[in-house]
Amino acid sequence: MTPKTSLDYIEKTANDLGVSHIASEVIGDGRFYLWSGSSRREQHHYGKHGLVRHTAEVIQLCLANDAILGCGMDKRELFLAALFHDCGKMWDYGPSGPEGSPNYDTWVSMPHKRSIHHISRSAIQWSLAAEKWNLAKPATIEAYANSVDVDEITHAILAHHGQRAWGSPVAPKSGLAWMLHLCDGISARMADCDSLDLYGSSK
């Protein structure tokens with residue numbers, strides 16, 4: 001998908017699932033559409049618009065695999081976990097160039113990546129969004145019945161790299177977490193192959 005079709009897909013899916021208000025916490029960040037998915041050319045989804053493309057791929061893969069496998073997962077939880085899982089990369093990476101004149105063709109790692117890391121930041125941003133929209137404590141019985149499991153989504157975000165050695169503080173322990181981890185891996189590894197064809201190995 002192109003960057004524009006990726007964003008359009010995310011916005012339409014959020015609207016179809018009735019979670020546009022929550023999704024706006026990521027989509028409404030002006031960096032989301034522009035940002036890179038990594039800081040090295042040979043890594044997945046490097047470069048301008050890399051993050052929105054990767055996020056759309058992971059959402060699409062999660063929803064498609066749930067349908068193919070007949071898992072019957074909550075589509076809103078799948079969507080929100082996939083949408084928020086890498087949003088912390090907007091803090092991990094930044095465009096090169098002087099302040100006020102960013103060069104979106106070249107990306108670098110920021111101090112945030114070493115001190116906090118995108119997995120933790122993504123979980124933080126999800127928690128803030130959930131609190132803002134009262135997802136954990138619905139005001140009415142009807143709202144409670146239509147709510148999502150905030151902790152389940154938090155777990156999936158924290159576990160999406162699969163193991164501690166790969167940056168996740170916890171390993172996947174639920175169907176949602178495994179689905180996100182595996183679909184994230186498909187998107188990332190396929191893009192890695194494309195990057196290696198273009199730029200070769202960094203070793």
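Mentor: Contact here means heavy atoms within 4.5 Å. Keep in mind that this is a predicted model, where local features need pLDDT of at least 70 and side-chain atom pairs count only at pLDDT 80 or more, while totals for chains, interfaces and linings use all residues. Residues are numbered from 1 along each chain as its sequence is written, and side-chain values use heavy atoms, with hydrogens and water left out.

Trainee: Which residues touch the most other members of the largest nonpolar core?

Mentor: Leu80 is one of them, along with Ile10, Phe32, Phe79, Leu83, Phe84 and Trp126, in a core of 47 residues. A nonpolar core is a set of buried Ala, Val, Leu, Ile, Met, Phe, Trp, Tyr and Cys residues joined through side-chain atoms within 4.5 Å. Buried means under 20% relative accessible area, exposed is over 50%, and partly exposed is in between (1.4 Å probe, protein chains only).

Trainee: And which helices each supply at least two residues of this core?

Mentor: α1 (3-16), α2 (20-27), α3, α4, α7 (118-132), α9 (150-158) and α10 (175-199). The helices are DSSP runs (H or I, at least four residues), and strands would be E runs of at least two, numbered from the N terminus.

Trainee: OK, helix packing next. How do the axes of α3 and α4 cross?

Mentor: Two packed helices are described by the angle between their axes and the distance between the axes. For α3 (residues 50-69) and α4 (residues 75-84), the axes come within 9 Å and cross at roughly 155°. That makes α3 roughly antiparallel to α4. The axes are lines fitted to C-alpha atoms, for helices over the stretch in contact, with angles running from 0 to 180 degrees between N-to-C directions. Under 35 degrees counts as roughly parallel, over 145 as roughly antiparallel, 65 to 115 as roughly perpendicular and the rest as oblique.

Trainee: Which residues make that contact?

Mentor: On the α3 side you have Thr55, Val58, Ile59, Cys62, Leu63 and Asp66, and α4 brings Lys75, Leu78, Phe79, Ala82 and Leu83. By class, that's eight nonpolar, one polar and two charged residues. Ala, Val, Leu, Ile, Met, Phe, Trp, Tyr, Cys and Pro count as nonpolar, Asp, Glu, Lys and Arg as charged, and the others, Gly among them, as polar.

Trainee: What about α1 and α2, how do their axes cross?

Mentor: At roughly 155°, coming within 8 Å. α1 and α2 are therefore roughly antiparallel to each other. From α1, Leu7, Ile10, Glu11, Ala14 and Asn15 meet Ser20, Ala23 and Ile27 of α2. Those residues divide into five nonpolar, two polar and one charged.

Trainee: Switching to loops. Where is Asp86 found?

Mentor: In the loop between α4 and α5 (89-92). With 1% relative accessibility, Asp86 counts as buried. Apart from neighbours within four places in sequence, Asp86 is in contact with Leu51, His54, His118, Ser122, His160 and Asp184.

Trainee: What's the phi of His45?

Mentor: Positive, about 55°, although His45 is not a glycine. His45 sits in the loop between α2 and α3 and counts as buried at 3% relative accessibility. His49 is in the loop between α2 and α3, and has a positive phi of about 75° although it is not a glycine.

Trainee: Last stop, α7. Which residues is Ile119 in contact with?

Mentor: Setting aside neighbours within four places in sequence, Ile157, Leu158, His160, His161, Gly167, Ser168 and Pro169. Ile119 lies in helix α7 and is buried, with a relative accessible area of 0%. Ser127 lies in α7, and is partly exposed at 35%.
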